Structure formats: C-alpha cells, structure tokens
Amino acid sequence: MKGLYTALMCSFDEKGKINEKGLREIVRHNIQESQIDGLYVNGSTGENFLISTEDKKRIFEIVKDEVGDQVKLIAQVGSLNIDEAVELAQFTTDLGYDAISAVTPFYYKFNFEEVKDYYNTILESVDNDLIIYSIPALTGVNMNLEQFGELFENEKIIGVKFTAPDFFLLERIRHAFPDKLIYSGFDEMLLSASVLNIDGAIGSTFNVNGKRARQIMELSAEGKMEEARKVQKETNDLIAAVLDNGLYQTIKEMLKFKGIDAGHCRKPMRELKEEEVGRARQIAEKYM
Ligand code: NAY
C-alpha cells in the first residue's frame, strides 16, 4: 500500500450530477499520464462532503470498474453519520477496495473516546484495513502522539493520512510506529515530509502534477536534495498559482485543457470567472 495516491476529483455536470464519462477520463489520466500507484476516492478533493450516499456509491463503483486491478484503491468512507460510514465501508470492501479510510468525526467537537469509538465501530463491521484521515485545519480535530498510539492499537488501523504542517508530530509518529503507514497530505510540503521517511503521499494536485511528486519522493530517497528542492519549488509555483485561483475548480480546468472532461464542481463551490478560466489554462500550459 506504499506509494503515491491521487486524491481523485470527480466530474459533475452543471446540475451537480455525476458525469461518468468525465470521471472515467480523470481516472485514466491519473493512471496513464500521472503514473500514480493508487487513487484515494471520495476524499475532500472528490467533494465527498457535498454529495449523497447514492452518489458516493456510484463513484466508488465507476472507479473500481475503470481501474480493475491496475492500481491500488483507498475508499474514504468517513461521515458524521456513522451508519453511512459503516454502510460505505461494507460497500467498498465488497467491491474490492484495498483499504478504507475515514476522516476524523468533526463539527461537534467529539472527545478522543468518541473518536476512538467511531473508528472501532466502523472496523467491527468490515474485514478491511483502515487509514485514519487526519486534517486538523478542516476538522478542528488535533490528536497527539499518545492518541495516535491508542488508535494504532487496533491492528486493522494500518496508517494515517497526515494532512498537517506539524513536522514535530510527524517525526514522533514515524519514530514510534515504524510499522504503520504514513501518507503525507500537503503536496506543498512533500519534500519536508519525505525526508522524515514517510511511506507515501495522497494529494489533490497529483491529478495534474503526479510526475513531479514522484520525482520529489525519489530524489529525496536518493539523497539528491538540491534537485529535489528544485522540483518542490516548481511544484510550489504551480500550487501557489492554483490556490490563488480556486483549488479544485482550477485543477478541473487544467484537466480540461488536456482534453479531459473534468466538468464542474458542486455547489456551494463557485464557478470560475472568465479571467480565472484563462489563468487556469495558462497554469496548465506552463506546468503540465
Ligand atoms: C483529500 O481528501 O482529497 C485530501 O485531503 C488530499 C490532500 C489535499 N487536501 C485538501 C484539503 O484538498 O492535496 C492536498 C491539498 O489540496 C494540497 O496540498 C494544496 O493545499
């Protein structure tokens, strides 16, 4: 399960309905062009928190059908509705997803016992491995080393998608749990995480920048730091431009520039203005 995983985008039409043809094209682009090791399906980048259970299931099905066994698949099933999380965990395990992942429960400021119970409840219902999805900036859930340790006591919890700029904590987790998988979640910090000996990364910008992400990981592993820094710098020029223009909308527009039917984002995400569409195309022209 090590390696580079694209946090997969989904293509939607103007009304917010799944564009199956576009979704299949995004999947193929990631496998053939970005040459990633796997896909992280229905994460933040997949606009998971904006869509119905039925649509989540349909996306899981389409992606599995398109991928077959070509690359690894991780299903993000986390939900504030724990019944939905369990249902999706069972559904994707039956479909043959290699692992599931679940965002920490958010919004109600759950205490750690509640967070732990959430993970154990999901796992009691399925015979699959789980990767914790930790993204404190969006969830407000900050866990410390001991708490990660308590969650990792469940052997079915095999790792964490660590989307945080806390390299002190990342190093402590790496050192304390050498057998658990750590995936870096901030693409702009991939090199900084790589030197701490992570096992992989999961990123939204890999949809359009997968090859550079791999170079960063490989150069860092070979100790070629000067070259790795250059590729991270180029990557960060791309990411800064994308963040400035509207993250997910711009990535979709960049994919469209490459002939991929990446469609629209779902409301309440906005449409890009004409000049922003132009800027997205310039970013694609320059970096893809
Ligand atoms: C997800 O579930 O899709 C992710 O969290 C992937 C990680 C991304 N985080 C978010 C919130 O989009 O790739 C990152 C991020 O977009 C990138 O580093 C730019 O900040």
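R24 is a buried residue in this predicted model, since its relative accessible area is 17%, and buried here means under 20%. Side chains of opposite charge can pair when their charged atoms come close, and R24 takes part in pairings of this kind with E20 and with E66.

Consider E20 to begin with, whose side chain meets that of R24 in a salt bridge with 3.0 Å from N to O. Both residues belong to helix α1, which spans residues 20–32, and because they are 4 residues apart there, about one helical turn separates them. E20 is partly exposed, with a relative accessible area of 30%, whereas R24 is buried.

The salt bridge between E66 and R24 has its closest N and O atoms 2.7 Å apart. E66 lies in helix α2 (residues 53–67) while R24 lies in helix α1, so this pair ties together parts that are 42 residues apart in sequence. Here both partners, E66 and R24, are buried.

Elsewhere in the chain, the side chains of K116 and E150 meet in a salt bridge, with 2.8 Å from N to O. This pair links distant parts of the chain, for K116 is in helix α4 (residues 112–124) and E150 is in helix α6 (residues 145–152), 34 residues apart. E150 counts as partly exposed, at 28% relative accessibility.

When a side-chain nitrogen of Lys or Arg within 4 Å of a carboxyl oxygen of Asp or Glu is taken as the rule, the count comes to 24 salt bridges.

Terms used: Residues are numbered from 1 along each chain as its sequence is written. This is a predicted model: local features need pLDDT of at least 70, side-chain atom pairs count only at pLDDT 80 or more; totals for chains, interfaces and linings use all residues. Side-chain values use heavy atoms; hydrogens and water are left out. Helices (H or I, at least four residues) and strands (E, at least two) are DSSP runs, numbered from the N terminus. Buried means under 20% relative accessible area, exposed over 50%, partly exposed in between (1.4 Å probe, protein chains only).
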